[in-house]
Amino acid sequence: MIKFLDLNAQYNSIKTEVDKAMADVIAESAFIGGKYVKEFEASFAEFVGAKYCVGVGNGTDALEIALEAANLPKGSEVLVPGNSFIASSEAVTRCGLKVKFIDVDNDCYTISAQTIEQHLNDKTSAIIAVHLYGHPCDMGPIMELAEQRNLIVIEDCAQAHGAEYNGHRIGSIGHYATFSFYPGKNLGAYGDGGAITTMDEERAVQCRKIANHGRIAKYDHEFEGRNSRLDGLQAAVLSVKLQYLERWTERRIEIADKYLAELEGIDGLILPKRQSFARQVYHLFVVRTEQRDALKAHLTDQGIQSGIHYPISLAKLDAYAYLGQQNDETFYNATDSTLLSLPIGEHLTDDEIGKVVTAVRAFFDKV
Ligand SMILES: *Cc1c(COP(=O)(O)O)cnc(C)c1O
């Protein structure tokens, strides 16, 4: 079986260190807050190249807390890509703001300043720039436009730990950036976890207060916040894994390069593009074909797992029927039913990648 994700193999490769890190947290009862969380926040801020990092409960909370901290006018509109995980839009609604989905491009599956500009109006207050599949959005023009129109930009980096835009790590470009450490992400905890990074001290402090009952000091609550914390066990695991992230990312890129070279020139198969400004970290390697379902079945037959991200675009979900954007033809790329994610990750050997290539080629030789 060629696995899409193999957390067990990853754990076995770092077991001694992870077990020790967890045992230390338990021995010191450093469960909530404390030195392991502080250490991880500092090293993750450094990794991202951001000045501040606030650990929170998960990536969805990170988005919600950033949006709340931004203090946007109630009922104002936030632009969200039509193809993403629902967290990207859920957070908007939960903050009393209005979701407006916009299309993604069909090269890298991210939103562009051009598309954003087409959907701006007087009510637009913010943009959720999702670096989908690990490919960064073209942030330069987006930040320029945001400055002109006085918009807040939140980078949703849940799939893009370590990605770069023109040599700068993503997570330090927008006003706020949010990360998820869900186990299956490129940097994953052993449970839920998330973080907000920013270059602005005031924004960082406000996020920290919101995530911790509206306070910095123990019983000095300035306002009602909530409870959303990265815990000590997760932070300790993440600190261990952060040391391996670059190695794992390099392996992802190596595998992607193999796929790109060896699957090139197949009629009916469209490979993902990588813009010159991008260090794409390949959370997912997504190809397109009109025979998507047949290819997926063929791979399953060959013992190869694959995925679909996402089977239903956000605008078409029942949850968003009320927006009336379901039949909107401007969602051409975001509602693509031809997307298929091939297995990628440091758990895969060259031999296994070779088998995936052979299976994909064999499929197209037949059709
Ligand atoms: C996973 C994900 C999230 C949510 O993260 P959780 O930690 O699961 O809450 C948000 N946005 C995107 C694009 C994601 O892939």
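Colleague: Which residues are closest to the ligand, and how many surround it?
Modeller: This is a predicted model. In the model, 13 residues surround the ligand. The closest are G59, T60, D156, S180 and K185.

Colleague: What is the make-up of that shell by class?
Modeller: Seven of the shell residues are polar, four are nonpolar and two are charged.

Colleague: What does T60 do at the ligand, in terms of distance?
Modeller: One of the polar atoms in the T60 side chain lies 2.5 Å from a ligand oxygen atom.

Colleague: And Q159, how far is its polar side-chain atom from a ligand oxygen?
Modeller: For Q159 the distance is 2.9 Å, again from a polar side-chain atom to an oxygen atom of the ligand.

Colleague: How much of the ligand does the protein bury?
Modeller: The protein buries 93% of the 380 Å² that the ligand exposes when taken alone.

Colleague: Where does the ligand sit?
Modeller: In the largest pocket. Two elements give two or more residues each to the shell around the ligand: α4, residues 59-70, and α5, residues 87-94.

Colleague: Changing topic. What is the strand order in the sheet with β6?
Modeller: The order is β7-β6-β10. These three strands form an open sheet with antiparallel pairing.

Colleague: Which strands are at the edges?
Modeller: β7 (168-169) and β10 (278-279) are the edge strands, and each of them pairs on one side only.

Colleague: How many bridges join β6 and β7?
Modeller: Two bridges, in the antiparallel sense, with β6 covering residues 164-165. Within that pairing, Y165 stands opposite H168 in β7.

Colleague: What holds strands of a sheet together in general?
Modeller: Strands pair through backbone hydrogen bonds, in either a parallel or an antiparallel way.

Colleague: On to the backbone. Is the peptide bond from H309 to Y310 cis or trans?
Modeller: Cis, with omega near 10 degrees. Y310 lies in the loop between α10 (292-301) and β12 (339-342).

Colleague: What about Y133, is its phi positive or negative?
Modeller: Positive, near 65 degrees, in a residue other than glycine. Y133 is in the loop between β4 (124-130) and α7 (139-149).

Conventions:
Residues numbered from 1 in each chain as written. Predicted model: local features only at pLDDT ≥ 70, side-chain atom pairs only at ≥ 80, totals over all residues. Heavy atoms only, no water. Pairing = 2+ DSSP bridges. Helix = DSSP H or I, 4+ residues; strand = E, 2+ residues; numbered from the N terminus. Near = heavy atom within 4 Å. Polar contact = N/O pair within 3.5 Å; in protein donor to acceptor, adjacent residues only side chain to side chain. Areas by Shrake-Rupley, 256 points an atom, 1.4 Å probe, with all protein chains shown as cover. 1 Å grid on protein atoms, 1.4 Å probe; cavity = no way out; pocket = protein on both sides within 12 Å on 5 of 7 lines; lining within 4 Å. Sits in = over half its atoms within 2 Å of the grid points. Nonpolar A, V, L, I, M, F, W, Y, C, P; charged D, E, K, R; others polar.
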